[in-house]
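Shall we read a two-chain model together, one feature at a time? Please open the structure and keep it beside the text.

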Amino acid sequence: MERLLQQLRTDPAWRDRIVHWEVLAPEHGRYGDFPAAVHPALQAALRARGIERLYDHQTETFEAAVRGAGFIAATPTASGKTLCYNLPVLSDILRADPPTAALYLFPTKALSQDQVAELTDLIGRLPASVVAYTYDGDTPPAVRRRIRDRGDIVVTNPYMLHTGILPNHPKWGDFFRKLRYVVIDEVHVYRGIFGGHMANVLRRLGRIARHYGQEPAYLLASATLRNPGELAERLTGRPLPVVRHGGSPRAEKHFLVLNPPLVNAPAGVRGSALEEARRLAGLLMGVKSIFFARSRNRVEVLVKYLKDLYHRRGKDPDRVRGYRGGYLPRLRRMIEADLRAGRVDAVVSTTALELGVDIGSLDAAVLVGYPGSLASAWQQAGRAGRRCATSAAFLILSNQTLDQYLGDHPDYLFRTPREQAILDADNLVVRANHLKCAAFELPFGAEEAFGGGVETRAILDHLATESALLSRSGDTYHWAADAYPAEDVSLNSADIDNFVILEERSGPRGLETRVLAEVDRPGAMTSIYPGAIYGHQGEQFQIARLDYAGRRAYARKIDADYYTDAELSTDIRITRIDREAARAGRYVAHHGGVITRTQAAVYKKIKFYTSENVGAGAIDLPAEEMDTTAWWAVIPTAAAAAAGLYEAGGGGGLQAMANLLRGVAPLYLGCDPADLRPVAEVSARDYQAPTVFLYDALPGGVGLGEALFLGEPEVLEAALERVERCPCRTGCPGCIGPVRAGGRRDKEVARRLLAHMVGRGERAPAASCEETRAHEP
Amino acid sequence: MSLEERLGRIAGLRPAGMRPRRPPPCDPAAVLPEPVSVRTFPFEHRHGTLPLGAVLAADTRALAPLAQDLGVAEFAAREIVFLDTETTSLGGGAGCLVFLVGLGRFAADRFVVEQHLLVRPPEERAFLERIRAALADFRGVATFFGRSFDRPRLEDRFAFHRMDTRLPARPHADLHTLARRLWGAELPDCRLRTVEERILGFVRHDDLPGALCPEAYRAFLEGDDRWLAGVLEHNRNDILSLAVLAHAVCLEARDPATIRGRLAVARGLAAGGDPERALALLRAAADDERRQGGGAAGNWPAARALGDWLKRAGRRAEAQRHWQEMAARGAGGIYPHTELAKLHEHHTGDLARALEWTLVAARLDRGEEAAALAHRAARLRRKRGELPAGAAALPGAESPAPAPPAGGLASRLGLERRRGDDHDAIAHET
């Protein structure tokens, strides 16, 4: 690793690419003795594993837990977070006074299994038997009963809690009667709509625990965040002590930000991040490394690149593996095992591996493109260097606006307090659906509350009269319908149906099919339309046909030198205005409800390596409709005309501005760029004036529109700065997005529109301008 | 948009399948029926072809061999309670209430059906306690499909109220399981409706289908009790059917008439200490099966069971004859050939015969057993000295096998018409 860093430092070709080099100095640990309250048998078991002392933060969390207060530990990767909760849980189970059980929640099945493996190892060293099991969709029915009746620690995921455990709580009575701890790890993933769902699932859990006479303490662990206390309170509904500082040691670590060189300065075209990742992989050969790509498609492209590279250098291409959602569980388990056993040198992953799946120690992490949030970036970078040796993380900036903004301001990565995680536990759609599930689980009293926002009672009455699901009897609402509501409520989106991709191939017995992978329904539109190239483990498959009603896609292996990319078009309709404000007469800002209708009409074929466009095809799939929230701004036509919007024809400048805003907004909102989508209408139906929308890409919305409404000045300034600093002449993906044909003035128009909006327009338009101020606060 | 409109837009809050119905403007108290309704039936009352009184004569001991694995003990009909529940949902879970429990029992001179209704959901605990008290008077409980339905639903409700979850009356005879063991092959399905019509001779008229009971109860809770009588009658008929079905099951178990029934009873007898009666039943079943050309599915279950019985009893000569007959008849796939190969390898020591049967089996096999047969063939060849001791068990690495003796078993069985020589057949299959 040292040699590799030396080469990066001296080789001029590499030196020019490095926009920032941060050295994170090693840190020494701060330790203390075991608190006396830790059960002696557990102390002995830990000593047998070589743990003689605790980090300071582990002592602090132990004391908060046994006090019954709970905690949220927001400490860096590899700081012994697991022990923060295992210590009090195991200690109290051993003490058995009162009898204690714990529920562990991990966002994925893989993490649950990992955790049980670790627990089992520790439990094996204890004199008394402690029963810890995973309970998920893969648990055989024969074992389930044993887990319910005898489990001390039940490790599961939010989906199983939501559809399997809570609706069947009478079967879990023995467990709930001693449920004193609820452990939630990887808390930072519960953002956005998923976070809103999770908060409501926990409200339901709380009701049921109270039914059985328990008020469990919440033990939370998270990556470092700006607002862990607020997140914890929004999730669990109660304030939790925050434990921040890490007492854990860390070896020296290097963090490099690389920007691919400009290959065409006037056009602002930089080398592709994928291509840059391939160059870096050549340098990293033999170093255990992980590559993070932003989408499934890019994972597959990079896997192919790396396998080709290994092949050319005479190394086994099998030492490169892909890992992402959509792979079937068995394949994922196999890849994880190969990683731990060192049979793999380079793994290419989406965010799936960003979470704490145990894959052993790695020396380098390569982030191909900024992952969208600081928490993700640090989580991914933290994948390298768990052991006490120098490690390195590389962020390769892509052509995207957000990435290029970071290229201008690499300090943002290191000096900004970690961003906030937004979740709205009172999103009406989410809360009403969970209220329905909660009423199935336990009758509601007329005065009982369920979170905030709209009155619980109003929703209950709706469920009783309009939905015909509840029956009111005196002061209680009882479930009274032949249905199992949790099955109809998906925690990630409005949809629960997945498409299965089947591979067809001719075998000795004719045409054979096997299940290749899965895709969720909205994903179908962009990945499995007939003609699409679907990458899987570095191999290409072409979708031959799609059975939309049957949720099946049939694919055949193909040796293609291109991949496909779908183009979406979105139509937007305003359903509700929550707030509006005339910003000094320059434009009018809003946030409220919208319905979007998205359709994929065409796809492009893009050649590997050269990225040239080598063809196109039509997509014939039903449109997806979504009820969500948005921020939008209406610009007076006179101002737009002054900015030159109409001169260029087509109004591409407005779309360019929308793209810019979408590009930089995630920095201020702490959301993933994929959570926010831009729409520009040169003459919006409702206003007959140019309007830009940024909407929540998740059904029901998570409040991004409102957050944007409040943080507007900063976002507009950042967008303006980005477009002004971008070296391209007429626009590039690093500022306004791909330049359309005939859009040579789009960049300039976008710049002038933004300048107008922040009050620095060259000529303030005369019309509808009551006051002129230098700067909107 | 108003709150009502916004709630109305949420897909998950729309009523599933049914129209939303506002409660009719009437006072629910006015239509409250009794929490417990009792109906009695004289012993002469016929439910289907049987009078109810006949059930008292049922020989429950006959059930023992059919149901011993289910933990069903013998008890007289008077000691049994016949139980059937109606629930607010068919899917289960914490929101699924048991709203009606029908209990049938024999009194001194009549049959009594007692139906407990959950009049208002908040009174559930008292309702459940009444049911527990009523069940405590009996030694056993009989249901139809109760192992998977009535019992877990009730247990869930007991658990919900933190009461003892076990049914007071145990053990539990699930007549659905017993009926399936006796008639499963003859009936298109084993639903209660089918069993009533085909076995008990009872046909329902104007029956409220069980699937509509949840909706009927919901209507009742909202003050519309027009459907409730239908639910009560539906449940009452279920109870009466249970009683006469118990008798029909005992009768059939004593002297089973179907192949499947005989096999089920014989299995219990063989394990439970009356092997000779088991043998008689197996022979009778195998005879029937021969006449029918292999049983309902054509896979000769009785012939196999008879062969297995003889083998386990150590009656090898009889077993050998039986298997040879089966093989000659082409009955039971490669089962008789495999059994004959084992017999010769392990008992008679005639390895040539053993190999011969194995090769014939391999040729008949459709691929399912290819690996096992190849393994056996290789082992036999090693034992016969045709292969070195360490040679691979898989035939791909083997020297060609000798052709089967001319005019040997294969030709006597008329099997030589099948193409390919033995070795190729095996090699191909693996």
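Q: What should I know before I start?

A: This is a predicted model, in which local features need pLDDT of at least 70, side-chain atom pairs count only at pLDDT 80 or more, and totals for chains, interfaces and linings use all residues. Residues are numbered from 1 along each chain as its sequence is written, while chains are lettered from A and ligands numbered from 1 in the order in which they are written.

Q: How many helices and strands does chain A have?

A: The general idea is that helices (H or I, at least four residues) and strands (E, at least two) are DSSP runs, numbered from the N terminus. Chain A has 24 helices and 32 strands. For chain B, the tally is 17 helices and 8 strands.

Q: What radius of gyration does chain A have, and what would a compact globule have?

A: The radius is taken over C-alpha atoms, and the globule rule is 2.2 Å times the number of residues to the power 0.38. For 777 residues the rule gives a value near 28 Å, and the 27 Å of chain A agrees with a compact globule. Along the principal axes, the C-alpha atoms of chain A fill a box of roughly 80 × 75 × 65 Å.

Q: In what order do the strands of the parallel sheet in chain A run?

A: Two strands pair if DSSP finds at least two bridges between them. Here 7 strands of chain A form an open sheet in the order β6-β7-β5-β8-β9-β4-β10, with parallel pairing. Its edge strands are β6 (132-134) and β10 (242-243) of chain A, each pairing on one side only. Further in, β4 (residues 71-74) and β9 (residues 217-222) of chain A run parallel, joined by 4 bridges, and A:Ile72 has A:Leu220 in β9(A) as its bridge partner.

Q: Which helix lies across β4, β9 and β10 of chain A?

A: For angles, axes are lines fitted to C-alpha atoms, for helices over the stretch in contact, and the angles run from 0 to 180 degrees between N-to-C directions. Helix α4 (residues 56-66) of chain A lies across those strands, at about 165° to β4(A).

Q: Why do β19 and β20 of chain A each have one side without a neighbour in the sheet?

A: In chain A, 3 strands form an open antiparallel sheet in the order β19-β21-β20. Strands β19 (444-445) and β20 of chain A stand at the edges with a single partner strand each, so one side of each lacks a neighbour in the sheet. β20(A) and β21(A) pair over 4 bridges, with A:Ser473 opposite A:Thr476 in β21(A). Helix α19(A) packs on this sheet, touching β19, β20 and β21 of chain A, and its direction makes about 110° with that of β20(A).

Q: How many residues does each chain give to the contact between chain A and chain B?

A: Chain A gives 39 residues and chain B gives 35. On the side of chain A, α18 (428-441), α19 (456-465), β20 (470-473), β21 (476-479) and β27 (562-583) each supply at least two residues. Helix α18(A) gives the most, with 7 residues.

Q: How does that side of chain A divide by class?

A: Ala, Val, Leu, Ile, Met, Phe, Trp, Tyr, Cys and Pro count as nonpolar, Asp, Glu, Lys and Arg as charged, and the others, Gly among them, as polar. The side of chain A that touches chain B has 18 nonpolar, 13 polar and 8 charged residues.

Terms used. Two residues are in contact if their C-beta atoms, placed from the backbone, lie within 7 Å.
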